Amino acid sequence: MLNTNSEYLRPEIMDVIRAFGCEEEDFTHYFSFGEGKFFNAVEYCGEFYDFEKECEVEDDLVFRRLAKRYAKLAFYSVLSKVKGKLPWGALTGIRPTKLAYGELAAGRDFKPLFKEMDVSEDNVKLVAKTIEAQKGIYGTAGGQDLFISIPFCPTKCEYCSFITAPITATEKYVDQYISCLVKEIHAVKPVIDKLNSVYIGGGTPFVLSAERLERIYKAVKEEFPDIPEYTVEAGRPDVFTEEKLKLSKDYGVTRICVNPQSFNDKTLEAIGRKHTAAQTVGAYAMAEKYNFDINIDLIAGLADESVGDFEYSLRKSIELNPANITVHTLSLKSGAKLKENVKRLNISGIADMVNLSREMLEKAGYSPYYMYRQKYQAGGFENVGWCKTGKACVYNINVMEEISDNVAVGGNAISKKLFVGEGRIERYASPKDIPTYINKLNKIIEERQKLYGG
């Protein structure tokens, strides 16, 4: 239990405590500020620790940011001495690159701050490489990206926290849901003045029949005939067909995601997938014929996989030579079956898996181009998108770095409006429950229009 005299610092401190798995332990914290100095005192396991940091404080916004930073660092300093260091040090945010960009925008090198927060040298290099790969995209943002949510899957994986449900259980809603999507797509046209990309995500969009997919494609084509980058997160290989791939190509789709998560059949069975690694290879070959840029998703830490098991999946992915490979580190998420049975992920060899992915992918000619972190992630690691030269996904960069408006339609879709110059973002989230989304569609459209000034 944490006792502190500064409640607004509690969430930041708890992020650090949770990262070390110490939520059930007792801490006492005292914070003060005076004469340009931040002071944090921590009591833990009968020991007392004092931390003092002198800083210039320009305004209340800077004060609060620095107060949070040094409170986190104080607790990290205490716990790392007892529990060992974390790969991202005292950084707990989901976007390390965004913090680095903030330092660069202020005319400072980001590395001293990351060093102060005890970020590992390898991760500092990862951030630097990611920023380098984003050049040519990061500085040309603005405008909007359109996200279209398809919350249907063949089955639900044990690690998944999305609202997705097996399509067999939600079949009665599918056609009505698509009608709502079509209506939303037409409704968002007035709020989009510079379309950067379209991303149809899931769930598993290819679980829909070709006829149902075409209804969505037609609506997009009618409103946005020229799309610079058009991604469909097609999904699991067992739902791929020539008809769906040709249809996607005919409607201008440029990127397809094939998401096996593993190339080990035993693992696929354990996580609730009804396909094989051979089907992944077959789906990839099928998609490759249409000259899509293809992304493959892998997850490190699945279902008691060894480092050797994960290395096998990496090798199989690299052999296929896709434009992008995304490596996720397994995370415990609210609503996932996995979290019902596991309170904390202690995965043997997870650091070796992550390090191996970096080594093998760089050697194969891939560069890290976007990254993000999640709470309760195995080993405190991260998710990284890797790309061949010139194959970075604009949508992923824009959304992760929050440098353009994200106009999102469908159930559980979260729209974001950037207020440039004010340093703030406003969000509008559609209902997660599919029947609720359908019933509230007109209100959703009206409220989103208000967000964008329509």
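Trainee: Which strands form the open sheet, and in what order?

Mentor: Remember that we are looking at a predicted model. Four strands make up this open sheet, in the order S1-S2-S3-S4, and their pairing is mixed. At the edges sit strand S1 (2-4) and strand S4 (47-54), each of which pairs on one side only. From one strand to the next, the twist averages 15°.

Trainee: In what sense do S2 and S3 pair?

Mentor: Strand S2 (residues 27-34) and strand S3 (residues 37-44) run antiparallel and pair over eight bridges.

Trainee: Now the core. How many residues does the largest nonpolar core have?

Mentor: The general idea is that in soluble globular proteins, nonpolar side chains tend to be buried together. Here the largest nonpolar core has 126 residues, and those with the most contacts inside it are Leu146, Ile148, Phe206, Tyr217 and Phe240. Helix H2 (residues 60-83) gives the most to this core, with twelve residues. Another core, of 16 residues, lies apart from it; Tyr372, Ile397, Ile403 and Ala408 are among its members.

Trainee: Why is strand S5 described as largely enclosed?

Mentor: Six of the six residues of strand S5 (residues 144-149) are buried, so the rest of the structure largely encloses this strand. Both faces are covered: Gln144, Leu146 and Ile148 are buried on one side, and Asp145, Phe147 and Ser149 on the other.

Trainee: Which strands does S5 pair with?

Mentor: S5 pairs in the parallel sense with strand S8 (residues 195-201) over six bridges. S5 also pairs in the parallel sense with strand S15 (residues 405-409), over five bridges. Phe147 has Tyr199 as its bridge partner in S8, while Ile148 has Val409 in S15.

Trainee: Last topic: how many cavities of 30 Å³ or more does the structure hold?

Mentor: Rolling a probe the size of a water molecule over the atoms shows where empty space is left. This structure holds two cavities of 30 Å³ or more, and about 40 Å³ of space lies in the largest cavity.

Trainee: Which residues line the largest cavity?

Mentor: Its lining is Val327, Thr329, Val354, Ser357, Glu382, Val384 and Trp386. Strand S12 (324-329), helix H13 (350-363) and strand S14 (383-387) each supply at least two residues of that lining.

Terms used. Residues numbered from 1 in each chain as written. Predicted model: local features only at pLDDT ≥ 70, side-chain atom pairs only at ≥ 80, totals over all residues. Heavy atoms only, no water. Core = buried A, V, L, I, M, F, W, Y, C linked by side-chain atoms within 4.5 Å. Buried < 20%, exposed > 50% of the residue type's maximum accessible area, 1.4 Å probe, protein only. Pairing = 2+ DSSP bridges. Axes fitted to C-alpha atoms, helices over the stretch in contact; angles between N-to-C directions. 1 Å grid on protein atoms, 1.4 Å probe; cavity = no way out; pocket = protein on both sides within 12 Å on 5 of 7 lines; lining within 4 Å. Points joined across faces, edges and corners; volume = space filled by probe spheres on them.
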